[in-house]
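Take a look at the sequence and the 3D structure, and then read on.

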Amino acid sequence: MSIESVQANAVVSIEYALKVDGKLLDSSVGEGPLWFLAGYDNIVPGLEAELIGMKVGDSKNVVVQPEDGYGEFDEEAFMQIPRSEFPEHIPLEIGEELNVSDNEDNSRLARIESMDDELVTLNFNHPLAGAELHFYVKVVALREPTAEELEHGHAHEDGAHHD
Ligand code: ZN
């Protein structure tokens with residue numbers, strides 16, 4: 001059975017470009033197409049929803065609102081932590097990304113937003129939170145997933161095991 005169009009559990013290969021506020025942030029040019037397993041939250045939901053039903057060779061422009069992209073910007077998603085609580089090996093620089101563990105040992109990515117002599121302010125928003133995402137996408141290949149890809153919940157570019 002071959003896969004005719006993008007659907008859940010298909011391995012999909014796309015060429016894409018992402019612009020925010022008219023600025024090109026990311027694209028497959030030079031990187032090669034992106035492979036992903038549909039139906040497993042591997043790409044932003046608003047883009048995946050628009051890809052469903054597309055066939056190899058189809059292309060379109062898709063505008064994704066924040067709630068279907070990287071989420072709304074959350075004014076509350078900031079935390080101030082005394083400088084003294086950071087291990088010495090962590091470079092305290094604005095924009096630095098850190099994995100921060102909470103009391104339940106969940107790890108979350110944060111960026112250093114600002115600092116003063118006493119406190120470091122961490123921002124837990126995704127860098128693209130609140131952004132309207134403008135994608136160009138073209139479907140370049142479709143195939144059945146391997147049993148291993150289904151088990152892992154992601155695509156292996158050439159169908160072979162890698163992680
Ligand atoms: Zn894997």
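A salt bridge is a side-chain nitrogen of Lys or Arg within 4 Å of a carboxyl oxygen of Asp or Glu. The side chains of Arg143 and Glu149 meet in one, with N and O 3.0 Å apart. This is a predicted model, in which local features need pLDDT of at least 70 and side-chain atom pairs count only at pLDDT 80 or more, while totals for chains, interfaces and linings use all residues. Residues are numbered from 1 along each chain as its sequence is written, and side-chain values use heavy atoms, with hydrogens and water left out.

**The overall picture**

- The protein chain has two helices and nine strands; helices (H or I, at least four residues) and strands (E, at least two) are DSSP runs, numbered from the N terminus.
- The radius of gyration of the protein chain, taken over C-alpha atoms, is 19 Å, well over the 15 Å that the globule rule (2.2 Å times the number of residues to the power 0.38) gives for 163 residues, so the chain is more spread out than a compact globule.
- Along the principal axes, the C-alpha atoms fill a box of roughly 60 × 35 × 30 Å.
- Two domains divide the protein chain: domain 1 (11-70 + 130-152) and domain 2 (78-123), with bounds that come from an automatic or database domain assignment.
- Between the C-alpha centres of domain 1 and domain 2 there are 31 Å.

**Surface and contacts**

- Of the 163 residues in the protein chain, 34% are buried; buried means under 20% relative accessible area, exposed means over 50%, and partly exposed lies in between (1.4 Å probe, protein chains only).
- The accessible surface of the protein chain is about 10100 Å², and carbon and sulfur atoms account for 46% of this area; the areas come from the Shrake-Rupley method with a 1.4 Å probe, and for residues only the protein chains shown count as cover.
- Contact means heavy atoms within 4.5 Å, and among contacts between residues at least 6 apart in sequence, 63% join residues at least 24 apart.

**Strand E1 and its partners**

- Strand E1 (residues 11-20) is mostly covered, with eight of its ten residues buried.
- Two strands pair if DSSP finds at least two bridges between them, and E1 pairs with strand E9 (residues 133-143) in the antiparallel sense over nine bridges.
- E1 also pairs antiparallel with strand E3 (residues 34-37), over four bridges.
- Look at Val11: its bridge partner in E3 is Leu37, and in E9 it is Arg143.
- Strand E2 (residues 23-27) runs antiparallel to E1 and is joined to E1 by four bridges, with Leu24 in E2 standing opposite Lys19.
- Two residues lie between E1 and E2 in a hairpin, where Asp21 in the turn has a positive phi of about 50 degrees.

**The salt bridges**

- How many salt bridges does the rule give? The count comes to two.
- Glu50 forms a salt bridge with Lys60, and their closest N and O atoms are 3.1 Å apart.
- Glu50 lies in helix H1 (residues 45-51) and Lys60 in strand E4 (residues 59-64), so this pair ties together parts that are ten residues apart in sequence.
- Glu50 is partly exposed at 38% relative accessibility, and Lys60 is partly exposed with a relative accessible area of 29%.
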